[in-house]
Amino acid sequence: MTRVIVVGGGFAGLEAMRVLERRLGRRPEVELTLVSDRNYLLFTPLLPQVASSLVEPRHIVQPIRDVRGRRRFGFRRDRVVDIDFEGRRVITAETALPYDRLVLALGGVTPTFGIPGVDEHALAYKRLDDAVALRDHVIDLAEHADHEPDPAERKRLLTMCVVGGGYTGVELIAELEDFFRSYVVSRYRGIGSGDYRLLLLEAGREILRGVDSTLAAHARRRLQREGIEIRTEARVSRVLAGAVEIDHREMVPVGLTVWAAGVKGHPALARVPVERDRLGRIVVNARLQVLGQPAVYGAGDAISIEGNPQASIPIIPAALAHGRLCGENIVADLEGRRLQEIDFAPRGMLVSLGENDAVVEIMGFKFSGYPAWLFWNALHLYKLVGFRKQLQVALDWSLAQWFPRDSTIIRSPGRCARCAHGTGAREIAA
């Protein structure tokens, strides 16, 4: 029996398993198993729309068992804690699974860069529950600010700071602006249009690094026109409960800090004895084999391809290309054929700038504004897995044109000082 295990149920892992199932699924001597700590596939491009109450959380996830359908591969919802290369075992929270070939596609997490206070006082923004928690925190702050008599304190409560000026940070800040402008100001009678402040902090010299300069400039103008404050070369040096410190000298009072600054390797693989890049991602060769471990392959955000930074960019098309090649190379390896090398380069980029605007660069064509926004919506709707999810999201978008967004707090915000300590409490930044 040849046991092939894919660890990770994201785009890379499911694509690898799709190829393996198609090529090896009918062979009784091959056992295919997918292991993931989540039982669903998350469509990450729509996470900002969950945070802004535009799309329902369950509409952008597809259960893995539904994706599997009648396919033969096994699925185990379990948390990977280590990999035993010598014993060829995947160590999970519940058991140890032996393997003959292994694909590591656990994805990545957002790095804190060792900055004090990030883990304690900033909200992460990577998973579905992160987006739901962020949504609830934003609404909770609006509830408190609605009856706050002190204008300065109300302004602080409604200051949303997003750290990270990449695709994720830009799309999130734009969605938050839509939510405040279209819903909060009209529904919360104690909040005016000048009471909220949206702040985007980027440590580099520009936002949307790697995007065409003309499109990046359009994005910056659009965000600033909507009142979003963009600060580049602003390195966060500390995060507090009610403030962020910039460059060790400036303290900015905030109600909420969201950390969306880059991608690093998954902590579940931290103890695995492999070579890593500066962000902790596992280094693989051009055939996507982990260095020194020819039976182990890597895919998605968890890896860095040796000598090929373009193919290592943590985006969905790259993850799909990695997963495909891992599957094909495992089949080739088992059949004694030559393994192929990765041949991937980004073919374009799409960034939503909120309602009715986006920037798009695809196959040499560059455009922005309303046509780009329509293209962004159409492409992401098409990419959703399953007709049911496509219909649900399309209905969410359509209903938002006629009805207000939902401001129900689903879960009690765990980091709200006022909720925890009583209505008279105040969280004043040091």
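**Entry 1. Thr-112**

I began with Thr-112, which I located in the loop between β10 (108-109) and α4 (118-121). The model I am reading is a predicted one. Is Thr-112 buried or exposed? I recorded Thr-112 as buried, because its relative accessible area is 19% and the cut-off for buried is under 20%. I then looked up its contacts, leaving aside neighbours within four places in sequence, and found Val-118, Asp-119 and Trp-259.

**Entry 2. Helix α1**

I next turned to helix α1, which runs over residues 11-24 and has 14 residues. From its first C-alpha to its last, α1 reaches 20 Å, close to the 20 Å expected at 1.5 Å a residue.

How many of the 14 residues of α1 are buried? I noted eleven, so the helix is largely enclosed by the rest of the structure. The buried residues include Phe-11, Leu-14, Met-17, Val-19, Leu-20 and Leu-24. I also found two glutamates, Glu-15 and Glu-21, in that buried list.

I then asked what covers the buried residues of α1. Among the covering elements I listed the strands β1 (2-7), β2 (30-36), β3 (40-42) and β9 (101-104). The helices α3 (64-68) and α9 (316-334) are also included in that cover.

**Entry 3. Gly-13**

Within helix α1 I examined Gly-13. Gly-13 counts as buried because its relative accessible area is 0%. Setting aside neighbours within four places in sequence, I found Gly-13 in contact with Val-6, Gly-8, Leu-34 and Ala-105. I also checked Gly-13 against Gly-107, which is 94 residues away along the chain. The C-alpha atoms of Gly-13 and Gly-107 are separated by 9.0 Å.

**Entry 4. Salt bridges**

I recorded a count of 30 salt bridges and looked at three of them individually.

In one of these, the side chains of Arg-22 and Glu-328 meet at 3.5 Å, N to O. Arg-22 lies in helix α1 and Glu-328 in helix α9, so the pair ties together parts that are 306 residues apart in sequence. I noted Arg-22 as exposed because its relative accessible area is 52%, and Glu-328 as partly exposed at 27%.

Another salt bridge joins Glu-94 to Arg-76, with the closest N and O atoms 3.2 Å apart. I placed Glu-94 in the loop between β7 (89-92) and β8 (96-98), and Arg-76 in strand β5 (residues 74-77). The two residues are 18 residues apart, and the pair links distant parts of the chain. Glu-94 is exposed, with a relative accessible area of 60%; Arg-76 is partly exposed, with 28%.

I then looked up the salt bridge of Arg-101 with Asp-333, whose closest N and O atoms are 2.8 Å apart. Here strand β9, which holds Arg-101, is linked to helix α9, which holds Asp-333, over 232 residues. Arg-101 counts as buried at 16% relative accessibility, whereas Asp-333 is partly exposed, with a relative accessible area of 24%.

**Entry 5. Aromatic pairs**

I recorded a count of seven aromatic pairs. One of them is formed by Tyr-183 and Tyr-188, at 6.4 Å centre to centre with 70° between the planes.

**Entry 6. A nonpolar surface patch**

Which residues make the nonpolar patch of about 750 Å²? I listed Phe-387, Leu-391, Leu-395, Leu-399, Trp-402 and Phe-403. Leu-395 counts as partly exposed because its relative accessibility is 45%, and a residue needs over 30% to be part of a patch.

How values were computed:
Residues are numbered from 1 along each chain as its sequence is written. This is a predicted model: local features need pLDDT of at least 70, side-chain atom pairs count only at pLDDT 80 or more; totals for chains, interfaces and linings use all residues. Side-chain values use heavy atoms; hydrogens and water are left out. Patches are made of residues with over 30% relative accessible area and no salt bridge: like charges are joined within 9 Å, nonpolar side chains (Val, Leu, Ile, Met, Phe, Trp, Tyr) within 5 Å. Accessible areas come from the Shrake-Rupley method with a 1.4 Å probe; for residues, only the protein chains shown count as cover. A salt bridge is a side-chain nitrogen of Lys or Arg within 4 Å of a carboxyl oxygen of Asp or Glu. Buried means under 20% relative accessible area, exposed over 50%, partly exposed in between (1.4 Å probe, protein chains only). Rings of Phe, Tyr and Trp (its six-membered ring) pair if their centres lie within 6.5 Å; planes under 30 degrees apart count as stacked, over 60 as edge-to-face and the rest as tilted. Helices (H or I, at least four residues) and strands (E, at least two) are DSSP runs, numbered from the N terminus. The expected span of a helix is 1.5 Å times one less than its number of residues. Contact means heavy atoms within 4.5 Å.
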